[in-house]
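Let's take a look at a protein together. Have the sequence and the 3D view ready, and we'll go through the main points.

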Amino acid sequence: QVQLVESGGGLVQAGDSLTLSCVASGLTFSRYALAWFRQAPGKEREFVTAISWSGGTTFDGPFVKGRFTISRDDGKNTVYLQMNSLKPEDTGVYSCAAGEHLDYGNSYEYWGQGTQVTVSS
C-alpha cells in the first residue's frame, strides 16, 4: 500500500520560512516524479511545484517566483518543499503527490492527506 505523509506545516508570520516534508512508502520512490499542490479555503487545488524522477528537472507554478524550492532525497524516500518569504495568500493545505509523469495537473497517481500552512499578516 502506497502512503505519502506530509509534515512540517504550522502557523508562521508573513516573511517567515517553512520547510515541508513528505515521506513515501510502498513504492519505488526513485522512479516517480513528485509534486506539491495546495488548496486554500474555498478555492480549487493548485499546482505549486514539481521535480522529475531524476531530480534534474523542476518547474513551479506562476505564483512561486523563486520563493519555493522542491528537492528530493531518494535515500530517505522524502520530498521537501522549502518556502521562503511566505505571504498570507500562501495559506492552505499543502499536499504532496507522486506519479510516473511530470506535469502540472492532477494525473499523479498517489496523494498525501496534506499539512496545514497558515501565514498571518
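## A cysteine to start with

Is C96 buried or exposed? C96 has 1% relative accessibility, so it counts as buried; buried means under 20% relative accessible area, exposed over 50% and partly exposed in between, with a 1.4 Å probe and protein chains only. C22 comes out at 2%, so it counts as buried too.

## Before you go on

This is a predicted model, where local features need pLDDT of at least 70 and side-chain atom pairs count only at pLDDT 80 or more, while totals for chains, interfaces and linings use all residues. Residues are numbered from 1 along each chain as its sequence is written, and side-chain values use heavy atoms, with hydrogens and water left out.

## The disulfide

The whole structure has 1 disulfide, meaning a pair of cysteine sulfur atoms within 2.5 Å. The partners are C22 and C96, with sulfur atoms 1.9 Å apart. This pair ties together distant parts of the chain: C22 sits in strand β3 (residues 18–25) and C96 in strand β9 (residues 92–99), 74 residues apart. The link of C22 and C96 is right-handed, with 45° about the S-S bond.

## The whole protein

You'll find 11 strands and 0 helices here; strands (E, at least two residues) and helices (H or I, at least four) are DSSP runs, numbered from the N terminus. The C-alpha trace spans about 40 × 25 × 25 Å along its principal axes.

Buried residues make up 42% of the 121 residues. Among contacts (heavy atoms within 4.5 Å) between residues at least 6 apart in sequence, 57% join residues at least 24 apart.
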